Amino acid sequence: MATGIASGSGQLHLREHVYRRNSYGKAHCHSNVILNGMQNQIHWSSWISKLLQVHRSNYSQCQVKSNWKSHRGTIKSCQREGSTKYFDFAVIGSGIAGLRYALEVAKHGTVAVITKAEPHESNTNYAQGGVSAVLCPTDSVESHMQDTIVAGAYLCDEETVRVVCTEGPERIRELIAMGASFDHGEDGNLHLAREGGHSHRRIVHAADMTGREIERALLEAVVKDPNIYVFQHHFAIDLLTTQDGFDIVCHGVDTINTETHEVIRFISKVTLLASGGAGHIYPSTTNPLVATGDGMAMAHRAQAVISNMEFVQFHPTALADEGLPIRPSNTRENAFLITEAVRGDGGVLYNLDMERFMPSYDERAELAPRDVVARSIDDQLKKRGEEYVLLDISHKPKEKVLSHFPNIAAECLRYGLDITQQPIPVVPAAHYMCGGVRAGLEGETNVRGLYVAGEVACTGLHGANRLASNSLAEALVFARRAVKPSIDHMNVSKINHGASSWWARPVAPVLLGDTILNKVIHQTREVRKELQSIMWEYVGIVRSTSRLTLAEKRINELELKWETYLFQHGWEPTMVGSEACEMRNLFCCAKLVVSSALSRHESRGLHYTIDFPHVEESKRLPTVIFPSQLNSSWSSRQLHRKQIC
């Protein structure tokens, strides 16, 4: 992969000698491409929309029908050809972006929603705070835009910010019309909360379980839609692509059914990646276990452009189990989030001597953006040699605390802590990837037929740091924006039933036998812990060039050691298993983060390095990782790519 900081002043231009078009919209990407802002500068979102122009391709039509039952009700499936399924649209991910998109495109064709675990198991389901939108007369789109850009350390794309802030309110009204229930005030209007970085109360919420409520409403609508077929426990392995001259075209995705270990191939006219983030490259994350960067890694292997991966948001306040009166008996699969809204509602941060520390770091105190608060807590912990700080909301009326944060109150009470009487022990944890697959204003990528929405995408909205509660708004807006170009592409495309034979079929590693397979799984789990430890130690909240360089070296060595172990024990390049495929995705995303971090020689937003501690205006540009033909390892090699002559 090749990494570069685009140079120029917030605008991008491609030098002809490193980026060539053989016709309008057809681009040849080299592994050493670096964006440069020399002349003929244009706004990056306009440029990316042209670069990622959707092209035309020809397939033949398919037939889809029949049903099967799941324990969650009637979930639809489709007619099979062996282990191949044919759809107009394939949606990878069942969070807010994937489901909202599926419900719209289902009006025009058949849709497969492919989800790694249970349909509800997504980052959306764990989102506590809410959705940001301008719904109060005293608020304005311009104010929301300014808050977003300030939080994003002025790296946000202004056009994208305007689109999301303008279209967000209508997207929320659509959710309400679909049956999503949000909190209302005594006046009958939506209750709007305020969170860090926001200058107004504009957070629509359902207590502290907003994501769960949105997911519920969307899933209920999906189950009722006769054109949507949900495939749960189907882990996406690799995108199916062809290369026609300079063009890369996506034709669907290979998956493995994690319950039956059967490899299922999905051939589709259009594919949407809505697979979420990569929180589990770190040992402590608020993300569910499914968040292993699968979509980002698949897209990178498929030659999609990746951007801004150095900007990993650490949520300042995850529950610190070490500080609970009763310690949890088992290690959590993911850290329990204490929503930003607690600070927005007046929560105060203290060290263990009950000294309030945030005013000494930032004049906005507890309402400063997340990157500031996370670094401040990190500094306190390192200076004082302590494991956590305290977040106190107990000075607020008990009934207000319990009504606004019932889920948090109940979780803490399980371990002997009453948040209406005692402060909450908190510590930062990996939370959100601001970078991802580079997207245009309609969710398009540089791979024809491949669209992205949600956390897997880098739209330019978040810049160097995501403003609280902007993620669900972005997912809703871009899921809807990707609909029209997707339908246009679908209408001029056909599915070729012979396409399924274009790529070698991956196989489950059953021939290795249980003894060898168990050894491979055990070794993979140990390697995963070691990778997470490296990332936490060297690529965390505060970074340095020497530590990033050491991380890069150790990750490469660890990856080689792991792959060597696999192949010495009989693993073949076409073998796929859920743990091994997750591991290769984690390696890929970790390397993308480190590579991007090393290329940014300034401290901006979520990327803070002691070697370049100041913001440099000349470096106020996205980091861009271009496709590379140098696939030197199994982890970085795409298995499902075909050259079309």
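User: Which residue lies over the face of phenylalanine 235?

Analyst: In this predicted model, lysine 116 lies over the face of phenylalanine 235, at 4.7 Å from the ring centre. A second case of this kind involves arginine 466, whose charged end sits over the ring of tyrosine 432, 4.3 Å from its centre.

User: How many aromatic pairs does a search of the whole structure find?

Analyst: The search finds 11 aromatic pairs. One of them joins phenylalanine 89 and tyrosine 101, with 6.4 Å centre to centre and 85° between the planes, and this geometry is edge-to-face. Phenylalanine 89 belongs to strand β9 (residues 84-92) and tyrosine 101 to helix α2 (residues 96-105), so the pair ties together parts that are 12 residues apart in sequence.

User: Are phenylalanine 89 and tyrosine 101 buried or exposed, and how is the pair of tryptophan 562 and phenylalanine 587 arranged?

Analyst: Phenylalanine 89 and tyrosine 101 are both buried. Tryptophan 562 and phenylalanine 587 form a tilted pair, at 5.8 Å centre to centre and with 40° between the planes. Because tryptophan 562 lies in helix α15 (residues 545-568) and phenylalanine 587 in helix α16 (residues 578-599), this pair ties together parts that are 25 residues apart in sequence. Both tryptophan 562 and phenylalanine 587 are buried.

User: Which residues do ring pairs link into a cluster?

Analyst: The cluster consists of Phe87, Tyr229, Phe231 and Phe266, linked by ring pairs.

User: What is the volume of the largest pocket, and which residues lie nearest its centre?

Analyst: The largest pocket has a volume of about 1500 Å³. Its lining is made of 47 residues, of which Tyr282, Pro283, Ser284, Thr285 and Glu333 lie nearest the centre.

User: How do the strands of a sheet pair, and what is the order of the 3 strands in the open sheet here?

Analyst: In general, strands of a sheet pair through backbone hydrogen bonds, in either a parallel or an antiparallel arrangement. Here the 3 strands form an open sheet in the order β11-β13-β12, with antiparallel pairing. The edge strands, each pairing on one side only, are β11 (131-132) and β12 (192-193). Between β11 and strand β13 (residues 203-204) the antiparallel pairing runs over 2 bridges, and valine 131 stands opposite valine 204 in β13.

Conventions: Residues numbered from 1 in each chain as written. Predicted model: local features only at pLDDT ≥ 70, side-chain atom pairs only at ≥ 80, totals over all residues. Heavy atoms only, no water. Phe/Tyr/Trp six-rings, centres within 6.5 Å; stacked < 30°, edge-to-face > 60°. Helix = DSSP H or I, 4+ residues; strand = E, 2+ residues; numbered from the N terminus. Buried < 20%, exposed > 50% of the residue type's maximum accessible area, 1.4 Å probe, protein only. Lys NZ or Arg CZ within 6 Å of the ring centre and 35° of its normal. 1 Å grid on protein atoms, 1.4 Å probe; cavity = no way out; pocket = protein on both sides within 12 Å on 5 of 7 lines; lining within 4 Å. Points joined across faces, edges and corners; volume = space filled by probe spheres on them. Pairing = 2+ DSSP bridges.
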